[in-house]
Amino acid sequence: GPFGDFSDPDAYVASAKRGATLGIEGKWAIHPTQIELANSVFSPPEAEVTKARRIIEELRKAEAEGKGAAALDGKMIDAASERMANNVIAVADAIASKG
């Protein structure tokens, strides 16, 4: 929900981090100064985005070979991994397009 005290960015970030810890994927911004703060809390880390792109790449290679799964960094990846990777990429791309 909204955080009304737009003059307290630290408290806004703390509120956003609490939400992120609970699995919430975003936070309302009722003032322009809160947008960048929300984006910084909810943007996936670059390493996570890179791994998501690698997952998609490996699964495309496996698909071209007629396989339904692949391995990345010693772990199996499959359609569920692809859905999660696509979500990470979509969030990162959406936030990047607003910057």
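Is lysine 61 buried, exposed or partly exposed? Lysine 61 counts as partly exposed, at 43% relative accessibility (buried is under 20% relative accessible area, exposed over 50%, partly exposed in between, with a 1.4 Å probe and protein chains only). The views below come from a predicted model, in which local features need pLDDT of at least 70, side-chain atom pairs count only at pLDDT 80 or more, and totals for chains, interfaces and linings use all residues. Residues are numbered from 1 along each chain as its sequence is written, and side-chain values use heavy atoms, leaving out hydrogens and water.

**View A. Lysine 61 pairs with glutamate 57 in a salt bridge.** Their side chains meet at 3.6 Å, N to O (a salt bridge is a side-chain nitrogen of Lys or Arg within 4 Å of a carboxyl oxygen of Asp or Glu). The two residues are 4 apart in helix H3, so about one helical turn separates them (helices, H or I of at least four residues, and strands, E of at least two, are DSSP runs numbered from the N terminus). Glutamate 57 is partly exposed at 45%. Salt bridges with shared partners join Glu57, Glu58 and Lys61 into one network.

**View B. Aspartate 73 and arginine 54 form a salt bridge.** The N to O distance here is 2.9 Å. This pair links distant parts of the chain, 19 residues apart: aspartate 73 sits in the loop between S1 and strand S2 (75-77), and arginine 54 in helix H3. Aspartate 73 is exposed at 54%, whereas arginine 54 is partly exposed at 33%.

**View C. The largest nonpolar core has 13 residues.** Such a core is a set of buried Ala, Val, Leu, Ile, Met, Phe, Trp, Tyr and Cys residues joined through side-chain atoms within 4.5 Å. Among those with the most contacts inside it are Ile55, Leu59 and Ile77. Helix H3 (46-64), strand S1 (70-72) and helix H4 (79-98) each supply at least two residues, and H3 gives the most, with 6. A second, separate core of 8 residues includes Phe3, Ala16, Leu37 and Val41.

**View D. Phenylalanine 3 and tyrosine 12 make an edge-to-face pair.** Their ring centres are 6.0 Å apart and their planes lie at 80° (rings of Phe, Tyr and Trp, the last by its six-membered ring, pair if their centres lie within 6.5 Å; planes under 30 degrees apart count as stacked, over 60 as edge-to-face and the rest as tilted). Phenylalanine 3 is buried at 17%, and tyrosine 12 is buried at 1%.
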